[in-house]
Amino acid sequence: MTQHTQELRKLIAQELPNLDVVLAWTHGHNSLTSTPLFITTQEDLEKLDSGPMHVQNLAAYLPSLKGRKVGIVTRGCDSRTIIELLQEKLIERKNITIFGISCSGAVNIRAVRRAVNGESVRSVQADGDSITVTTNHGTHTLRMQDVLMDKCYTCTNQTPIIHDHMVIAQTADHVPGDAPQTTLDALDSMEPGERFAFWEEHMDRCIRCYACRNACPLCVCKDSCVAQSRDPHWLDQSDTPREKLMFQAIHALHSAGRCTECGECERACPMGIPVLAMKQALNRRIKHLFDYQAGMDAQSTPPLFMFRQQEENIKERDAR
Amino acid sequence: MPVLEGKELRIVGFLCNWCSYGGADTAGVGRFAQPTDLRIIKLPCTGRVNPLFVVRAFLNGADGVLVSGCHPGDCHYTAGNYYARRRLEVLRELLDVMGINPERFHYTWVSASEGQKWKQVVSDFTARIHALGPAATFTGCPAVTGQIGAAVEIGGIGETGETGMKAAG
Ligand code: SF4
Ligand code: SF4
Ligand code: SF4
């Protein structure tokens with residue numbers, strides 16, 4: 001257990017009597033996985049763990065706990081989700097106690113598996129800037145910065161933007177050198193036709209489980225998602241990349257100007273489809289057009305909820 | 001005829017009721033010759049244009065999509081076209097990252113009296129789409145064309161059996 005984790009446990013122990021539940025992480029069924037932990041007693045607290053292998057965005061649970069006193073362990077990116085939820089009045093600040101932790105990156109277990117050539121993983125040990133993976137065939141030592149989640153390479157807020165308690169602020173850069181190519185980088189380097197083929201190939205694998213949507217903290221339509229509505233009938237039931245890509249377009253546009261790039265959609269996908277890139281592209285455009293980033297300021301107006309008569313960065317185009 | 005090789009492409013137009021539909025009507029009443037590829041869908045306002053209408057049109061096989069409404073400041077509902085402008089600008093990026101050439105999409109403002117301008121917009125945009133040719137469709141996937149049984153290449157990684165499937169034909 002790291003010093004970080006010890007400190008975190010101590011802080012939560014002090015606050016626990018005033019809270020209904022504290023959201024944190026514990027280890028999963030093996031050392032590659034992590035699972036959310038709902039702490040209500042001191043015994044639960046013993047199971048708490050934190051570190052680069054603990055990857056879920058716990059803020060996704062907050063809207064369903066509205067009205068209760070909730071504590072939450074929060075990294076920089078998660079804090080942006082909290083701000084976005086506050087802005088949309090889906091949660092109340094007075095009911096939430098934020099235990100901020102400074103983040104050094106979250107591990108992408110798919111990247112780890114790829115780096116060890118798909119060998120069966122027995123155990124993983126993350127420490128500092130390296131990660132040691134023991135497989136059936138031997139031991140691999142990987143650079144942490146090569147196996148992070150795509151979102152970590154564009155992260156600008158490792159330290160939570162809002163918090164009530166803070167555990168060891170850390171200032172070191174989590175990607176000190178060269179970062180590997182992200183999906184969006186790869187898409188950027190393609191011709192439109194190649195991009196279309198890229199999505200065809202990936203969406204062909206989609207099983208329409210909607211885990212990407214269910215994991216998204218900002219998909220709050222619950223049983224009213226248009227993906228499953230007959231009226232309006234946005235999607236038909238055919239098993240085609242066309243319908244599946246249409247859903248990704250729906251998700252991306254429904255979260256345009258709201259998505260904080262928390263990466264939960266991509267992490268949750270059981271088929272390993274890189275669905276975050278589309279949203280990152282929209283965010284990049286929104287930043288350029290409206291100088292806006294979601295989840296930075298709960299008082300600001302979302303860019304698609306407003307307009308300017310003269311839009312500085314929008315140029316009239318010709319039909320030719 | 002301006003239509004290349006006498007062959008039409010599929011262009012969908014989303015027009016607002018008050019200005020651009022009126023403009024198209026004016027062009028018709030004035031008997032201005034225009035290419036015939038455009039299919040017009042009339043909406044109350046460009047503010048009603050969900051950008052997903054455009055995505056849906058492309059995924060259903062449109063080769064081009066045109067949105068046209070009242071000039072900024074002239075919206076019948078005051079601000080619908082201002083909101084539309086923001087949404088449609090963001091949409092361009094989505095089309096781009098999806099691999100649908102954003103040049104296949106255009107939005108513009110045409111008033112009810114601008115019959116001549118309407119003719120120009122339709123002619124120019126149609127010419128642009130003809131220059132780009134028919135849009136790509138997802139025909140390569142077995143699921144789309146019904147060629148199930150075509151050779152499929154499967155690559156797996158890791159213990160959870162994450163697979164990468166690729167249609168070979
Ligand atoms: S769309 Fe994906 S990255 Fe964006 S908020 Fe939802 S889960 Fe997070
Ligand atoms: S995809 Fe859209 S309709 Fe479906 S849950 Fe998300 S925001 Fe709601
Ligand atoms: S989580 Fe993946 S497989 Fe499931 S619907 Fe989303 S993209 Fe498709």
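Colleague: How much area do chain A and chain B bury between them, and what part of it is on carbon and sulfur atoms?

Modeller: The size of an interface is often given as the accessible area lost when the parts come together. Here chain A and chain B bury about 5000 Å² between them, with 62% of it on carbon and sulfur atoms; buried area is the accessible area (1.4 Å probe) lost by two parts on being put together, summed over both. The model is predicted, so local features need pLDDT of at least 70 and side-chain atom pairs count only at pLDDT 80 or more, while totals for chains, interfaces and linings use all residues. Residues are numbered from 1 along each chain as its sequence is written, chains are lettered from A and ligands numbered from 1 in the order in which they are written, and side-chain values use heavy atoms, with hydrogens and water left out.

Colleague: How many residues of chain A are in contact with chain B?

Modeller: Contact means heavy atoms within 4.5 Å. By that rule, 59 residues of chain A are in contact with 50 residues of chain B.

Colleague: Which element gives the largest share of the side of chain A that touches chain B?

Modeller: Helices (H or I, at least four residues) and strands (E, at least two) are DSSP runs, numbered from the N terminus. Elements of chain A that each supply at least two residues to this side include helix H4 (109–115), helix H7 (192–203) and helix H11 (276–290). The largest share, 10 residues, comes from H9(A).

Colleague: How is chain A divided into domains?

Modeller: Domain bounds come from an automatic or database domain assignment. For chain A, that assignment gives domain 1 (1–178) and domain 2 (181–308). Taken over C-alpha atoms, the centres of the two domains are 23 Å apart. In domain 1 of chain A, 21 residues are in contact with 31 residues of domain 2 of chain A. The area buried between these domains is about 2100 Å², of which carbon and sulfur atoms give 52%. A:Arg80, A:Gln87 and A:Asp150 lose the most area on the domain 1 side, together 29% of what that side buries.

Colleague: Which side chains meet in a salt bridge with a distance of 2.8 Å, N to O?

Modeller: The rule finds one salt bridge across the interface of domain 1 and domain 2 of chain A. A:Glu88 and A:Arg258 meet through their side chains in a salt bridge (2.8 Å, N to O).

Colleague: Is A:Arg258 buried or exposed?

Modeller: Buried means under 20% relative accessible area, exposed over 50%, partly exposed in between (1.4 Å probe, protein chains only). A:Arg258 counts as buried because its relative accessibility is 15%. A:Arg258 lies in the loop between helix H9 (241–254) and helix H10 (264–268) of chain A. Leaving aside residues up to four places away in sequence, A:Arg258 touches A:Glu84, A:Glu88, A:Leu218, A:Val220 and A:Ala294.

Notes:
Salt bridge = Lys/Arg side-chain N within 4 Å of Asp/Glu carboxyl O.
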